[in-house]
Amino acid sequence: MSAAAQPRVARAYTSARRHPWVLGKLGDWTVPFGPYTPAQLVVLGGGAFVLIKTFAWWSWVGPVPVVLWLCAVWAVRGAQIAGQNPFTAMLGVLVLLGRHPAGRIGGRAARDKQPTHLRGQFVIEPAPAPAAPARVLAPAGAGSAVLVAVSAAQSAAAGSGLARLLADAAEAGRRAA
């Protein structure tokens, strides 16, 4: 295959892949049994501190606690909590606990507004005077339409649509009686 016919391949690596977060590696030289992740170093240092301080308690067991400690260091080499290393997960928990419980709006802590007293007024007006009843212009017969004339004062006095509906129902009740 000629050079022109071969497909070009491009690869891009994230900085995490190019420079993994490990300690104890300088060039080609690594610390014995290393390199170590930060979680391993915490277990290594913390475990050593605890084993030294509690030597009187476990010394009769022999090397078992030391072996368990070294197994724990080995076990946390790839530890992840929800896809994150344990330190990032703990930092997330600390940030979550430090947040304002109401959250943030525009980068600032959300706070409840100060309570205010509502000051409203209302006016009671007398009811409008009843208007004269409507006149029937044509007698109601079988198949004929009824034309009812309503004065402008009546429609204006009715007010809302509900008041007009109730007035119309009362009018129909009077006509039926």
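Is Val-42 buried, partly exposed or exposed? At 45% relative accessibility, Val-42 counts as partly exposed, where buried denotes under 20% relative accessible area, exposed over 50%, and partly exposed in between (1.4 Å probe, protein chains only).

## Basis of the model

This is a predicted model, in which local features need pLDDT of at least 70 and side-chain atom pairs count only at pLDDT 80 or more, while totals for chains, interfaces and linings use all residues. Residues are numbered from 1 along each chain as its sequence is written, and side-chain values use heavy atoms, with hydrogens and water left out.

## Overall architecture

The chain contains 7 helices and 6 strands; these are DSSP runs, numbered from the N terminus, with helices (H or I) of at least four residues and strands (E) of at least two. Along the sequence, the elements follow the pattern α-β-β-α-α-α-α-β-β-β-β-α-α.

Of the 177 residues in the chain, 11% are buried. Among contacts with a separation of 6 or more, 34% join residues 24 or more positions apart, contact meaning heavy atoms within 4.5 Å. The chain exposes about 15,400 Å², and carbon and sulfur atoms supply 65% of that area; accessible areas come from the Shrake-Rupley method with a 1.4 Å probe, and for residues only the protein chains shown count as cover.

Helix H2 spans residues 38–53 and includes Pro-38. Pro-38 is buried, with a relative accessible area of 12%. Its C-alpha lies 9.0 Å from that of Asn-85, although Pro-38 and Asn-85 are 47 residues apart in sequence. Ala-39 is also placed in helix H2 and counts as buried at 11% relative accessibility. Ala-39 and Ala-79 are separated by 40 residues in sequence and by 7.7 Å in space, C-alpha to C-alpha. With neighbours within four places in sequence left aside, Ala-39 is in contact with Val-76, Pro-86 and Phe-87.

Gln-40, another residue of helix H2, counts as buried at 7% relative accessibility. Beyond its neighbours within four places in sequence, Gln-40 is in contact with Pro-35, Val-73, Trp-74, Val-76 and Arg-77. Two of these residues, Trp-74 and Arg-77, also interact through their side chains: the charged end of Arg-77 sits over the ring of Trp-74, 4.2 Å from its centre. The criterion for such an arrangement is that NZ of Lys or CZ of Arg is within 6 Å of the ring centre and within 35 degrees of the ring normal.

Val-42 belongs to helix H2 as well. Apart from neighbours within four places in sequence, Val-42 is in contact with Gly-47 and Phe-87.

The whole structure holds 1 aromatic pair. The ring centres of Phe-55 and Trp-58 are 5.1 Å apart and the planes stand at 85°, so the pair is edge-to-face. Rings of Phe, Tyr and Trp (its six-membered ring) pair if their centres lie within 6.5 Å; planes under 30 degrees apart count as stacked, over 60 as edge-to-face and the rest as tilted.

Both residues lie in helix H3 (residues 55–58), where Phe-55 and Trp-58 are 3 residues apart, about one turn of the helix. Phe-55 is partly exposed, with a relative accessible area of 48%, whereas Trp-58 is buried, at 15%.

Leu-68 is located in helix H4 (residues 64–75) and is exposed, with a relative accessible area of 54%.

Side chains of opposite charge can pair when their charged atoms come close. The structure as a whole contains 1 salt bridge, defined as a side-chain nitrogen of Lys or Arg within 4 Å of a carboxyl oxygen of Asp or Glu. Glu-171 forms a salt bridge with Arg-174, and their closest N and O atoms are 3.4 Å apart.

Glu-171 and Arg-174 are 3 residues apart in helix H7 (residues 161–176), so about one helical turn separates them. Glu-171 counts as buried at 15% relative accessibility, while Arg-174 is exposed, with a relative accessible area of 54%.
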